[in-house]
Amino acid sequence: MAPRTMTEPAFFILTALLDAPRHGYGIVADVTELSQGRVQLKIGSLYGVLDRLVTDGLVEPDREEAWQGRLRRYYRLTERGRHALAAETERLAANARIASARLRAQQSPIAGRSPS
């Protein structure tokens, strides 16, 4: 079975969990910051992605803590998740290198000159 393509929200959730376990709202805030506002997760969609990442073995529950009468569930990155993030980072970088090379090749040396 071929591995699933990693979505942008999943990529940023894994990135947010690299340095330390985080709870839902912490993940949402970190993803917004890391993506410079391009990815803004709602809590419902966050937990959908987290459930898939847990099922895939990339993330696992870390602990629960009581906060203001509610339980906060913290998640952490697994070793498998770290490897998946590294592979996806390399894939994206390779794609960017290919596209950049093509863009440079398409630039005309006389671009910007007005016809005589």
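**A walk around helix H3**

Hi everyone, let's start with helix H3, residues 43-55: at 1.5 Å a residue its 13 residues should span 18 Å, and its end C-alpha atoms are 18 Å apart, which agrees. That expected span is 1.5 Å times one less than the number of residues. Helices here are DSSP runs of H or I with at least four residues, strands are runs of E with at least two, and both are numbered from the N terminus.

A word on the source: this is a predicted model, where local features need pLDDT of at least 70, side-chain atom pairs count only at pLDDT 80 or more, and totals for chains, interfaces and linings use all residues. Residues are numbered from 1 along each chain as its sequence is written, and side-chain values use heavy atoms, leaving out hydrogens and water.

Back to the helix. Which residues of H3 are buried? They are Leu-46, Val-49, Leu-50 and Leu-53, where buried means under 20% relative accessible area and exposed means over 50%, with a 1.4 Å probe and protein chains only. These four cover an arc of only 105 degrees around the axis, which puts them on the same side of H3; the arc is taken from the directions from the helix axis to the C-beta atoms. In general, an α-helix has 3.6 residues a turn, so residues three or four places apart point the same way. On the other side of H3, Gly-44 and Thr-55 are exposed.

What do the buried residues of H3 pack against? Their partners are helix H1 (8-16), helix H2 (24-34), S2 and S3, with contact meaning heavy atoms within 4.5 Å. After H3 comes Gly-57, with a positive phi near 80 degrees.

Now the strands. Three of them make an open sheet in the order S1-S3-S2, with antiparallel pairing. At its edges are S1 (22-23) and S2 (59-67), each pairing on one side only. Two strands count as paired if DSSP finds at least two bridges between them, and 2 bridges join S1 to S3 (residues 70-77). Arg-22 stands opposite Tyr-75 in S3.

Finally, please find His-23, in strand S1. Is His-23 buried or exposed? His-23 is buried, because its relative accessible area is 13%. Not counting residues up to four places away in sequence, His-23 touches Arg-72, Arg-73 and Tyr-74.
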